[in-house]
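Please walk through this predicted model with attention to its charged pairs and its sheet.

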Amino acid sequence: MSRRLSPKEADADLASRIAGEAGAMVGRRAAHDVILDLYRSERNVRLALDLCTECGACLTRCPTYTSTGDPLNSPIGRISIARSMLRGSASDDEAYRYAWLCLTCGACSTACPFGLDVPGVSRALRAALLESGRVPSFVSSRALEQLETSRGRGFDGASLEALMHGITSEIAAEKGLEAHPKVDERADVLLVVPSDDLVLNVETLKGYISVLHELGADFSLSSRAVAENYGLFLHPSLMRDLADSILAAADELGASTVVIGECGNAWRVAAGYLSAKLRGSGVEVRHVFHVVADALRSGELELDPDANGDLVYEYQDPCQYSRGGRLVREPREILRNAVRRYVEPSLGGQRTVCCGAGGGNLAPELLPLTTDYSELWYEMALSDGADVVVRPCAICKSHMSRAVQVLNSKHGRNISISGLMELVYRALVPREGRRGGFHP
């Protein structure tokens with residue numbers, strides 16, 4: 001009978017498996033050596049650690065600190081831990097706990113008078129901990145799944161084709177549209193969606209397919225292109241390795257445009273890393289919201305807001321869209337066309353409030369804590385008079401759908417959570433026979 005691994009041994013085992021999947025991407029070095037390398041090579045990390053004066057301007061904006069009151073569970077606390085790690089004097093357990101509790105939402109950076117990238121420091125701490133063998137099971141397991149998918153050992157083409165057949169049959173019955181998305185075939189457009197949209201957020205998936213069909217796009221999905229990128233929360237090299245699965249799929253399928261679905265971390269990586277690499281090959285990267293907003297402006301898509309009822313909808317920006325990906329205007333344009341009653345959040349755009357599980361904090365054991373974090377956006381929705389909070393990001397929807405059940409029970413209310421493309425799908429007025437041309 002095999003011996004049960006201790007928590008630290010389990011962390012080390014997962015770190016080794018990630019290293020094995022990613023080849024020589026990560027080694028097994030002391031955390032001090034890794035953070036020192038990142039301090040020297042990453043300008044944003046170096047500036048944050050050199051220039052932070054601990055003025056406290058970030059504290060009232062940080063959801064982890066305002067929810068817990070723990071000074072180490074704050075931007076200043078994580079700066080202090082990273083500085084101690086550079087000196088070789090940081091507590092391993094302390095670094096592990098507080099680096100992984102950071103939501104990497106970036107609220108601190110918008111409050112900082114110097115605009116310092118404190119989430120970048122948290123990511124550097126996590127990279128150092130990964131290389132030294134300390135990595136939480138939830139985030140690392142998701143990263144391993146994504147690595148396996150990008151290497152053809154996950155959702156295979158036959159399974160994806162079967163799923164598309166079932167989804168398009170439902171679209172035909174509900175909307176009268178005969179959509180035929182390709183799978184692993186050459187096409188002008190590569191549609192890259194988070195895995196949750198394939199198995200949980202099915203109405204969102206229907207939205208992608210119906211819109212691209214209506215616009216006359218020649219599009220395909222790839223069984224090896226990973227949308228959500230848990231490497232962003234773990235290690236820079238892992239982030240690039242996972243993102244490169246999209247590069248490889250675009251090249252293999254001959255796509256001239258890559259369209260990214262509703263996923264905040266996927267869009268941040270696409271906007272900050274993939275776009276430059278793909279543009280050099282003549283390939284454009286767009287979020288599906290860019291596609292829909294352009295089509296609404298040109299009159300190529302028609303939405304009936306009555307289809308989404310008389311509820312009050314509030315768009316709350318996912319952090320990685322507004323603070324990490326410059327995606328603020330388009331989703332609001334779409335929502336105003338898709339619903340009758342819309343309210344703007346009291347804290348929106350760059351000042352948005354994190355869902356409560358950013359940075360990969362979706363582990364079930366963290367739900368009580370991340371639900372406490374969620375009080376911030378929930379109370380804002382209450383004060384703004386919203387019935388439905390629209391957060392079009394896979395992590396946001398996954399966490400908020402769990403947290404809202406607890407918060408509704410606590411407050412005696414019935415607020416619900418929605419993505420945006422599911423509202424587009426519901427409101428879409430089919431115009432079969434008058435389909436426009438897809439404009440990347």
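Arg-134 has a relative accessibility of 8%, which means that it counts as buried, since buried is set at under 20%. Its salt-bridge partner is Asp-93, with the closest N and O atoms 3.3 Å apart. Asp-93 lies in helix α6 (residues 92-101) and Arg-134 in the loop between α8 (118-131) and α9 (137-150), so the bridge ties together parts that are 41 residues apart in sequence. Asp-93 has a relative accessibility of 43% and therefore counts as partly exposed.

A second salt bridge pairs Lys-182 with Asp-218, and here the closest N and O atoms are 2.8 Å apart. This pair also links distant parts of the chain: Lys-182 belongs to strand β1, while Asp-218 sits in the loop between α12 (202-214) and β3, 36 residues apart. Lys-182 is partly exposed, at a relative accessible area of 23%, and Asp-218 is partly exposed too, at 27% relative accessibility.

Which order do the five strands take? The sheet is open, its order is β1-β3-β2-β4-β5, and the pairing is parallel. The edge strands are β1 (182-183) and β5 (284-287), each of which pairs on one side only.

Inside the sheet, β2 is joined to β3 by two bridges, and these strands run parallel. Which way do the side chains of β2 point? Val-189 and Leu-191 point one way and Leu-190 and Val-192 the other way, and all are buried.

Four bridges also join β4 (residues 257-260) to β5, and these two strands run parallel. In this pairing, Val-259 stands opposite Arg-286 in β5. Two helices pack on the sheet. Helix α13 (residues 236-253) touches β2 (189-192), β3 (219-221) and β4, and its direction makes about 150° with that of β2. Helix α14 (residues 264-279) touches β4 and β5, and its direction makes about 160° with that of β5.

Helix α13 has 18 residues and reaches 26 Å from its first C-alpha to its last, close to the 26 Å expected at 1.5 Å a residue. Which of its residues are buried? They are Leu-238, Met-239, Leu-242, Ala-243, Ser-245, Ile-246, Leu-247, Ala-249, Ala-250 and Leu-253. Just after α13, Gly-254 takes a positive phi of about 65°.

The remaining points return to charged pairs. How many salt bridges does the model contain? The count comes to 24 salt bridges. One of the pairs is Glu-344 with Arg-336, whose closest N and O atoms are 4.0 Å apart. Glu-344 is partly exposed, with a relative accessible area of 36%, and Arg-336 is partly exposed as well, with 47%. Salt bridges that share partners join Arg-286, Asp-294, Arg-297, Arg-329, Glu-330 and Glu-333 into one network.

Terms used:
Residues are numbered from 1 along each chain as its sequence is written. This is a predicted model: local features need pLDDT of at least 70, side-chain atom pairs count only at pLDDT 80 or more; totals for chains, interfaces and linings use all residues. Side-chain values use heavy atoms; hydrogens and water are left out. Two strands pair if DSSP finds at least two bridges between them. Contact means heavy atoms within 4.5 Å. Axes are lines fitted to C-alpha atoms, for helices over the stretch in contact, and angles run from 0 to 180 degrees between N-to-C directions. The expected span of a helix is 1.5 Å times one less than its number of residues. Buried means under 20% relative accessible area, exposed over 50%, partly exposed in between (1.4 Å probe, protein chains only). A salt bridge is a side-chain nitrogen of Lys or Arg within 4 Å of a carboxyl oxygen of Asp or Glu.
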